[in-house]
Amino acid sequence: MAFTRATGKHRRPSRIQRGTARAAGVAALATTGVIGTVAAPAAFAAEPSPEQTGLTPVVTMGDTVAQQIDAQAVAQQQAADEAAAKQKAEEAARKQAAELAERAKEAAEKAREAKERAAREAERKRLNAYVAPISGSYVSTSYKASSGLWSSGSHTGVDFHAASGTSVHAVGAGTVVEAGWGGSYGNQVVIKMNDGTYTQYGHLSSTGVSVGQQVTPGQQIGLSGATGNVTGPHLHFEARTSPEYGSDIDPVAYLRSHGVNV
């Protein structure tokens with residue numbers, strides 16, 4: 001009896017088709033991991049292993065690349081954090097340096113102002129100070145001493161012992177109102193003091209200032225001598241309430257009232 005070969009949709013797959021299908025199934029199982037947990041039937045013994053398919057090396061390579069990328073990202077983030085921290089530290093250092101510089105500037109300005117104030121105060125004190133008309137000297141003839149040597153009958157000032165050529169100083173700050181020959185006083189200088197009083201320096205061998213000149217305490221205004229009505233070299237010193245003769249006041253008390261010890 002003859003057999004007829006099946007055709008159409010009921011035709012049995014060929015050996016090549018069956019092998020292809022099995023290979024595809026193995027690949028699918030290897031991908032999902034099932035092939036690693038299920039014991040392979042004897043029919044699969046001759047099929048290629050998962051390693052031979054090339055899939056496992058691809059998965060392993062993917063993990064390595066991911067780790068490298070993660071490590072690179074961590075390193076980049078760490079570098080960025082370090083750079084930010086460094087920039088922050090540099091900005092803080094610049095800010096601190098600027099603050100220190102500003103404080104130093106303020107301190108220097110305060111020190112300068114204090115120094116200027118001290119200098120002004122020292123100058124004010126110097127200008128308001130009084131000194132003796134001749135340094136290291138003494139009164140040789142007192143105020144109001146009686147003698148026929150003076151037209152008024154008494155001494156209108158005091159005499160300071162001094163050899164000719166001794167430096168004569170302004171006793172305080174003021175303005176020169178007379179400088180030159182003064183009759184019986186010989187060469188003289190008269191100064192209007194800043195407090196409104198007047199001082200006179202007579203019998204000078206020479207004068208060193210001129211009318212209208214401003215003088216300061218201790219400034220040299222001439223040299224002592226023996227010009228005018230004298231018996232020897234000395235300095236005649238008077239304190240007055242006006243520039244005129246006859247307005248004299250006690251010159252020793254005047255000097256002492258301004259702190260001069262004579």
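Are Phe-160 and Phe-237 buried or exposed?

The mean pLDDT of the protein is 83, and 74% of its residues reach 70 or more. Over residues 1–6, pLDDT stays under 50, and the model has one contact beyond four places in sequence for them. Residues 23–45 also stay under 50, with 11 contacts beyond four places in sequence. Where pLDDT is low, the predicted coordinates should not be read in detail.

Now let's return to the opening question. Phe-160 is buried, and Phe-237 is buried too. A search of the whole structure turns up three aromatic pairs. Phe-160 and Phe-237 form one that is edge-to-face, with the ring centres 6.3 Å apart and 70 degrees between the planes. Phe-160 sits in strand 2 (residues 158–161) and Phe-237 in strand 9 (residues 234–240), so their pairing ties together parts that are 77 residues apart in sequence.

Tyr-201 leads us to the next stop. The largest nonpolar core has 25 residues, and Tyr-201 is among those with the most contacts inside it, along with Val-189, Ile-191 and Ile-221. Several parts of the chain contribute to this core: strand 2, strand 5 (187–193), strand 6 (198–207), strand 9 and helix 4 (251–257) each supply at least two residues. In soluble globular proteins, nonpolar side chains tend to be buried together.

Leaving out residues up to four places away in sequence, Ile-191 touches Ala-170, Gly-174, Thr-175, Val-176, Val-177, Thr-197, Tyr-198, Thr-199, Tyr-201, Val-215 and Ile-221. Two of the names on that list, Tyr-201 and Ile-221, are also among the core residues with the most contacts.

What about charged side chains? The count comes to six salt bridges. In one of them, Arg-112 meets Glu-109, with the closest N and O atoms 2.3 Å apart. This qualifies as a salt bridge because the cut-off is 4 Å. The two residues are three apart in helix 3 (residues 55–128), which means that about one helical turn separates them. Arg-112 is partly exposed, at 37% relative accessibility, and Glu-109 is partly exposed as well, at 34%.

Glu-121 has a relative accessible area of 32% and is partly exposed, while Arg-124 is partly exposed at 42%.

Which surroundings does the bridge between Glu-238 and Arg-240 have, buried or exposed? Their closest N and O atoms are 2.9 Å apart. Glu-238 counts as buried, at 0% relative accessibility, and Arg-240 is buried too, at 3%.

You will find Ser-247 in the loop between strand 9 and strand 10 (248–249). Although it lies in a loop, Ser-247 is buried, with a relative accessible area of 13%. Its side chain reaches the backbone oxygen of Glu-244 at 2.9 Å. Setting aside neighbours within four places in sequence, Ser-247 is in contact with Ala-239, Arg-240, Thr-241 and Ser-242.

Our last stop is Trp-181, which lies in strand 4 (residues 174–181). At 58% relative accessibility, Trp-181 counts as exposed; the cut-off for that word is over 50%. Trp-181 still has partners: beyond four places in sequence, it touches Gly-186, Asn-187, Thr-227 and Gly-228. Gly-228 is 47 residues away from Trp-181 along the chain, yet their C-alpha atoms are separated by 8.6 Å.

How values were computed: Residues are numbered from 1 along each chain as its sequence is written. This is a predicted model: local features need pLDDT of at least 70, side-chain atom pairs count only at pLDDT 80 or more; totals for chains, interfaces and linings use all residues. Side-chain values use heavy atoms; hydrogens and water are left out. Helices (H or I, at least four residues) and strands (E, at least two) are DSSP runs, numbered from the N terminus. Buried means under 20% relative accessible area, exposed over 50%, partly exposed in between (1.4 Å probe, protein chains only). Rings of Phe, Tyr and Trp (its six-membered ring) pair if their centres lie within 6.5 Å; planes under 30 degrees apart count as stacked, over 60 as edge-to-face and the rest as tilted. A polar contact is a pair of N or O atoms within 3.5 Å; within protein, one must be able to donate a hydrogen and the other to accept it, and residues adjacent in sequence count only if both atoms are side-chain atoms. Contact means heavy atoms within 4.5 Å. A nonpolar core is a set of buried Ala, Val, Leu, Ile, Met, Phe, Trp, Tyr and Cys residues joined through side-chain atoms within 4.5 Å. pLDDT is the predictor's confidence in each residue, from 0 to 100.
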